[in-house]
Amino acid sequence: MSRNNYAIGIVFLIAGAVILLGKLGLFAFIGTNFWPLFVLIPGILLHVLFFGRMLPTVALIPGAILTVSALIFFFCIALGWHHMQVLWPLLVFGVAIGLYEYHLFEMSHPKVPLTAAIILALVSISFFVIMLFWGWGLYLIAAALILVGAWLVAGRRTRW
């Protein structure tokens, strides 16, 4: 058998295996469950290239945004996309992390990215707390207000 026939045989075997695995649904499973790797790998790669001194410090901002977003996407794939209604403020928190990394690793330690990171982190945390209290937490707040109001009203009567 010549080398060309051998190489063409290998190509046919690989092509047949890929077609068979595709028809069995393997690629659909991988595409459905592991697509955030296409977001996570560039985010980690930006960090690696920065720490390898191949990219400037500003590359940390999109690196953090991509990494945090991919982790949130993996969480939602594993436990359900309905959690995104509560987790969406973490996307803003990813921007805050990127700005903080920029401030931390930039030689001049600029204050504007630090201030923006703190503001975005506080906004993100406040939205996250609001999202947590939006469901049952709102009932807990209402019950606490009723109890405090009842205690204040009952406490005033006993003092007379």
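A: Let us begin with a single residue, keeping in mind that this is a predicted model. T67 is buried, because its relative accessible area is 18%, and the cut-off for that word is under 20%.

Q: Where is T67 found, and which residues is T67 in contact with, leaving aside its neighbours within four places in sequence?
A: T67 belongs to helix α4. Once the neighbours within four places in sequence are left aside, T67 is in contact with L40, G43, I44 and H47.

Q: How do the axes of helix α4 and helix α6 cross, and at roughly what angle?
A: The axes of α4, which runs over residues 60–79, and α6, which runs over residues 89–105, come within 8 Å of each other and cross at roughly 145 degrees. The crossing in which α4 passes α6 is right-handed.

Q: Which residues in α4 meet residues in α6?
A: On the α4 side they are L60, I61, A64, I65, V68, S69 and I72, and on the α6 side they are L90, L91, G94, V95, I97, G98, L99, E101, Y102 and F105. Sorted by kind, the residues of this contact divide into 13 nonpolar, three polar and one charged.

Q: What does the UniProt annotation "transmembrane region" cover?
A: According to that record, which is an unreviewed entry, the annotation covers residues 7–28, 34–52, 59–81, 87–105, 112–130 and 136–154.

Q: How many aromatic pairs does the structure hold, and how should I describe one?
A: A pair of aromatic rings is described by the distance of the centres and the angle of the planes. The structure holds seven aromatic pairs. In one of them, the rings of W88 and F127 have their centres 5.4 Å apart and their planes at 40 degrees, so this pair is tilted. Because W88 lies in the loop between α5 and α6 while F127 lies in helix α7, the pair ties together parts that are 39 residues apart in sequence. W88 is partly exposed, with a relative accessible area of 32%, and F127 is partly exposed too, at 34%. Elsewhere, W35, F73 and W81 form one aromatic cluster.

Q: Which residue has a phi near 60 degrees, a positive value, without being a glycine?
A: Most residues other than glycine have a negative phi. R53, however, has a positive phi near 60 degrees. R53 sits in the loop between α3 and α4 and is exposed, with a relative accessible area of 77%. H109, which is not a glycine either, has a positive phi of about 50 degrees; H109 is found in the loop between α6 and α7 and is partly exposed, with a relative accessible area of 40%.

Terms used
Residues numbered from 1 in each chain as written. Predicted model: local features only at pLDDT ≥ 70, side-chain atom pairs only at ≥ 80, totals over all residues. Heavy atoms only, no water. Axes fitted to C-alpha atoms, helices over the stretch in contact; angles between N-to-C directions. Helix = DSSP H or I, 4+ residues; strand = E, 2+ residues; numbered from the N terminus. Left-handed = near helix turned anticlockwise from the far one by under 90°. Contact = heavy atoms within 4.5 Å. Nonpolar A, V, L, I, M, F, W, Y, C, P; charged D, E, K, R; others polar. UniProt positions renumbered as here; feature names shortened; annotations may be inferred. Buried < 20%, exposed > 50% of the residue type's maximum accessible area, 1.4 Å probe, protein only. Phe/Tyr/Trp six-rings, centres within 6.5 Å; stacked < 30°, edge-to-face > 60°.
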